Amino acid sequence: MDNCVIPHGYKATALGIIPQEWEVMLLGNLSNSISSGRNKHRDAHGQYPVFGSTGIIGYSSTYEYEGPVILVARVGANAGTLNFASGQYDVSDNTLIITIKQNVYDYNFAYNQLTHYKLNKLVFGSGQPLITSKQLKNIRIPVPPLAEQRKIAEVLGVWDKAIEKQARLIEKLALRKRALMQRLLSAKLRLPGFSEPWKKVKLGDVAELYQPQTIQSEDLSQTGYPVYGANGLIGYYNNYNHEYPQVVITCRGSSCGTVNFTPGKCWITGNAMVLNVDNNRDVNKSFFYYTRWLN
């Protein structure tokens, strides 16, 4: 910091160089309160949403909270995850509620800033991950004037809407592709130039099924050949046990039955079963992989 040249209109702070008009403040001083929710009950016929660590987790016939708040998952695997709530609602006791001082801190700006801050880096405890209100209150953040906050939030909101629109388009295209795949892979639609009847064969007649050797998790690294296990790509290793692309099916864990297509020169662990298709038996490996979409 001593050798750093501070540009005109900026100043040096504990958080680095920021504009003169910005201030470094504690989140606790920007909030009216940071406390846990209290809801422990759900009502199947309730009209008010109940927010928990993963968003809306149920409904209640009564509400405890009203107006905009930022929610932070307090405990468990999702600790540190952010959500936004408004209107009338309830909040579970495993979620922290941040009520912002709106005369100094804009809700939309705050949500984006805290998302960028990555609150999950504050989580502690291996058995039961946890983040506390005290930790949140002690977060130091750079705060622009309110008008600038709102303008920044407005710009980011435009990008959010564009991303949401693009996501909806991608979802529609994916559904259209899946419908086309269902028709093509079931021979309900034939491509021009192809009329020969399809044959039904047993999987064992066209593919060799086996489980490869498993390697230990401590042997994985950040570089080398990709390693595929029960959850797809799980890391890298200094060697490979398959030189060519393979169709693999997860055979253990919660993702059991998931089909993946591995690249050439990779290591496939024993958590996945290899369906080594014999290309000499008039079966194409890529086609074989796509048939996973058939029900």
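I17 sits in strand β2, residues 16–19 (strands are DSSP runs of E with at least two residues, helices runs of H or I with at least four, numbered from the N terminus). Residues are numbered from 1 along each chain as its sequence is written. The model is predicted, so local features need pLDDT of at least 70 and side-chain atom pairs pLDDT 80 or more, while totals for chains, interfaces and linings use all residues.

With a relative accessible area of 33%, I17 is partly exposed (buried is under 20%, exposed over 50%, partly exposed in between, with a 1.4 Å probe and protein chains only).

Now let us turn to the interior. In soluble globular proteins, nonpolar side chains tend to be buried together. Here the largest nonpolar core has 29 residues, and L27, I70, V72, I98, Y105, L119 and L136 have the most contacts inside it (a core joins buried Ala, Val, Leu, Ile, Met, Phe, Trp, Tyr and Cys residues through side-chain atoms within 4.5 Å). Among the elements that give two or more residues to this core are β8 (69–73), β11 (95–100) and α1 (107–117). Another core, of 9 residues, lies apart from it and includes V247, V259, V277 and Y289.

Finally, look at the cysteines. How many disulfides does the structure hold? It holds 0 disulfides (a disulfide is a pair of cysteine sulfur atoms within 2.5 Å). The sulfur of C256 is 6.5 Å from its closest cysteine sulfur, in C251, which is too far for a bond. For C266, the closest cysteine sulfur is also in C251, at 15 Å, again too far for a bond. C266 itself is buried, at 0% relative accessibility.

Terms used. Heavy atoms only, no water.
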